Amino acid sequence: MILASTLTTNLSILVLAGFIGFVVISKVPNTLHTPLMSGTNAIHGIVLRGGLLIVGAILVAGSHHGTLTTVVGTIAVAFGASNVIGGFLVTDRMLEMFRKRPEAEAADQGGDTG
């Protein structure tokens with residue numbers, strides 16, 4: 001009975017957190033998406049570092065955790081790393097849209113482009 005109650009509570013929290021997250025993010029103006037994304041990637045980098053420390057402690061200590069735990073932890077760290085790298089690449093690409101192109105700078109200065 002306790003397990004069913006705990007599962008129901010955890011599922012309710014997950015659904016509510018997903019709904020609140022969707023509502024909050026949908027209210028963010030487009031101009032704030034890039035800084036928000038960078039901040040989220042930085043936080044995820046901290047989480048990734050924690051995962052690396054835990055997996056490293058398991059491997060170094062030779063603890064009683066099974067091979068499955070080590071494999072799943074390593075896969076989680078790999079997915080986390082790809083998320084951080086991909087997020088920063090997308091952020092860089094979004095910031096590229098706000099940079100002036102050399103042709104536009106020359107036209108703004110009234111120079112001859114060719």
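This report covers the fold, surface and helices of a predicted model.

The chain holds four helices and zero strands, and its pattern along the sequence reads α-α-α-α. Of its 114 residues, 11% are buried. Contacts between residues at least 6 apart in sequence join, in 68% of cases, residues at least 24 apart. The accessible surface of the chain is about 9200 Å², and carbon and sulfur atoms account for 72% of that area.

| Helix | Residues | Detail |
|---|---|---|
| α1 | 2-26 | gives five residues to the nonpolar patch |
| α3 | 67-96 | spans 43 Å from first C-alpha to last |

L16 counts as exposed because its relative accessibility is 52%, and the cut-off for exposed is over 50%.

Helix α3 has 30 residues, and its span of 43 Å is close to the 44 Å expected at 1.5 Å a residue. Which residues of α3 are buried? They are T70, G73, V77, G80, V84, G87 and T91. An α-helix has 3.6 residues a turn, so residues three or four places apart point the same way.

Key. Residues are numbered from 1 along each chain as its sequence is written. This is a predicted model: local features need pLDDT of at least 70, side-chain atom pairs count only at pLDDT 80 or more; totals for chains, interfaces and linings use all residues. Side-chain values use heavy atoms; hydrogens and water are left out. Helices (H or I, at least four residues) and strands (E, at least two) are DSSP runs, numbered from the N terminus. Buried means under 20% relative accessible area, exposed over 50%, partly exposed in between (1.4 Å probe, protein chains only). Contact means heavy atoms within 4.5 Å. Accessible areas come from the Shrake-Rupley method with a 1.4 Å probe; for residues, only the protein chains shown count as cover. The expected span of a helix is 1.5 Å times one less than its number of residues.
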